[in-house]
Amino acid sequence: MAISDVKEYAHLTPEDVEAIGAELDTIRREIESSRGESDARYIRKVIRLQRALEISGRGALFFSLFPPAWIAGTALLGTAKIIENMEIGHNVMHGQWDWMNDPEIHSTSWEWDNAGPSEHWKITHNFLHHKYTNVLGMDDDIGYGLLRVTRDQRWSPFYLGQPVYNLLLQSFFEYGVAIQHLELGKVAKKKWAKDSPEWKQFEADRTVVLKKIGKQAGKDYLLFPLLTGPAFVGTLTANLAANVMRNVWTNAIIFCGHFPDGAEKFTKHDVLNETQGEWYLRQMLGSANISGGKLLHFMSGNLSHQIEHHLFPDLPSNRLADIAVRVRAMCDKYDLPYTTGSLPVQYFKSWRTIMKLSLPNKYLRRGTDDAPETKSEKVFGGVAGVDPSTGRRTGLRTALAQGRKRLARREPAMAG
C-alpha cells in the first residue's frame, strides 16, 4: 500500500524530521527577506517577453495563407501561451509575486489564458493539491479522476483505455483543468436533488466554467480569426495548434513532476496530526524534478524544480534553482532520495506507469509495496544508521539502492 508512516519510510526519527523542518523554515525566511527589485524586474521582463511573442505571432497570422507565416505565427503564439501558462499564470496565482503589491501581477486579480477559471484552479491546485500532495482520496491530481497511477487504486475495466484517455487529456488538457473543480464523477454518483444546496453550488460553478470556456473559444476560434479576414481558416487552425502545443507541454511537465518512479503516494493516515516538518518531508518524497538547462527551467515555469516548488509554492520561481542546491545538500545529509532525471526519462517513466496500470494487478510483477511507481514502509522500516567503513549516515536512499540490487538479482533488469 501507499506510505502510511512517512517518518518510518524515510528512516528518520521525529527529531530528524523536525530538524529538516527547521532547516527549510530557515531557507524560506532567507528568501522572503531577500526578495527585491531584481525579482520584480524578472517577472516584469517575462511578461513583456510573453506579450511581445503573442503580438508577433498574431501579427504573422494575418499572412497565414502562406505556410511559412502560418508556421512562424503558430510557433510564436504557442510559445507565448506556454510562458503565460507556466512561468506567469501558474506562478502569479500561487501568490509568488503578491509581495510586490502590484495589482496587475497579483494572485487575486490574474486571469490566465486558459479554459479553467482561475478562481476554481486556486482551490483545486493551490489548496487541495499542495496541502494534500499525493494523498490518496484527498488529492484529485492523482490521476485526475481519469487515470490509474498507483496500484493502490482499485482496478476496473475502464482503465484498459487509459493510454487513449491520456492522449486525449494531453491534447485538451486545459479543458481537463477547467472541469476538474466540478468533480463530475462525484456529482453523478451523489445524484443530488435539484433544489439542494450542493446542486445549486454545482450549477453556479458550472456556469463559471462554461462562461470561461466560451470566452476562450470565442477569442481564439472566432475573434482573432475574423480579424485576419481572408486568412480566417489559417488563423483558426494556428490558434488550435498553439493551444494543443501548450496543452501537451503543460501536461508533460506536470506528469514528469508527479508520476515518474520515486514520486511516492501516501494514505490519509499519514496526514493525521501532521507537523510542518512531516509536511515538508511528504512534499520532498512525493515530487520529482526534471534536470536540464536554463531554457528548460524557464519554459517549464521552473516546475522542473518540482520538489522545491512543492516545498515553497509561494516563493518566486526564479529563486528555485538556488533553493534546489540547498535542498539537494540536505537530502545528502539525511541520506534521502532526491528524485530527478531528464525530461525524456521522466516522461517515459510516467507513460510506462500509465500503460502498466491499465492492467489488473495480477498481471503485474511487483506488489503494491515495492512497485517502481509506489512504495511503502512495509518494504523496509527503521531509522538511519551509520556505515562503519565510511562513517556516513545511511538511510532511505541507501535502503532503496540496496533494494534495487536485491531485485536485480531476482528479476530481469527490465521487470517491473
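The largest cavity in this predicted model holds about 250 Å³ of space. The count of cavities of 30 Å³ or more comes to 1. The structure also holds 22 salt bridges, several of which are described below.

**Cavity lining**
- The lining of the largest cavity comprises 24 residues, and H90, W121, H125, F173 and I254 lie nearest the centre.
- Helices α4 (67–93), α5 (118–131), α7 (173–180), α10 (232–258) and α13 (306–311) each contribute at least two residues to this lining.
- By residue class, the lining divides into 14 polar, 8 nonpolar and 2 charged residues.

**Salt bridge D220–R58**
- D220 pairs with R58 in a salt bridge whose closest N and O atoms are 3.2 Å apart.
- D220 belongs to helix α9 (residues 197–227) and R58 to helix α3 (residues 37–60), so the pair ties together parts that are 162 residues apart in sequence.
- D220 is buried, at 2% relative accessible area, and R58 is buried at 10%.

**Salt bridge K81–D113**
- K81 and D113 form a salt bridge with an N to O distance of 2.9 Å.
- K81 lies in helix α4 and D113 in the loop between α4 and α5, so parts 32 residues apart in sequence are tied together.
- Both K81 and D113 are buried.

**Salt bridge D335–R397**
- In the salt bridge between D335 and R397, the closest N and O atoms are 3.4 Å apart.
- D335 sits in the loop between α14 (320–333) and β2 (340–342) and R397 in helix α16 (residues 396–410), so the pair links parts 62 residues apart in sequence.
- D335 is buried, with a relative accessible area of 5%, whereas R397 is partly exposed at 27%.

Technical notes:
Residues numbered from 1 in each chain as written. Predicted model: local features only at pLDDT ≥ 70, side-chain atom pairs only at ≥ 80, totals over all residues. Heavy atoms only, no water. 1 Å grid on protein atoms, 1.4 Å probe; cavity = no way out; pocket = protein on both sides within 12 Å on 5 of 7 lines; lining within 4 Å. Points joined across faces, edges and corners; volume = space filled by probe spheres on them. Helix = DSSP H or I, 4+ residues; strand = E, 2+ residues; numbered from the N terminus. Nonpolar A, V, L, I, M, F, W, Y, C, P; charged D, E, K, R; others polar. Salt bridge = Lys/Arg side-chain N within 4 Å of Asp/Glu carboxyl O. Buried < 20%, exposed > 50% of the residue type's maximum accessible area, 1.4 Å probe, protein only.
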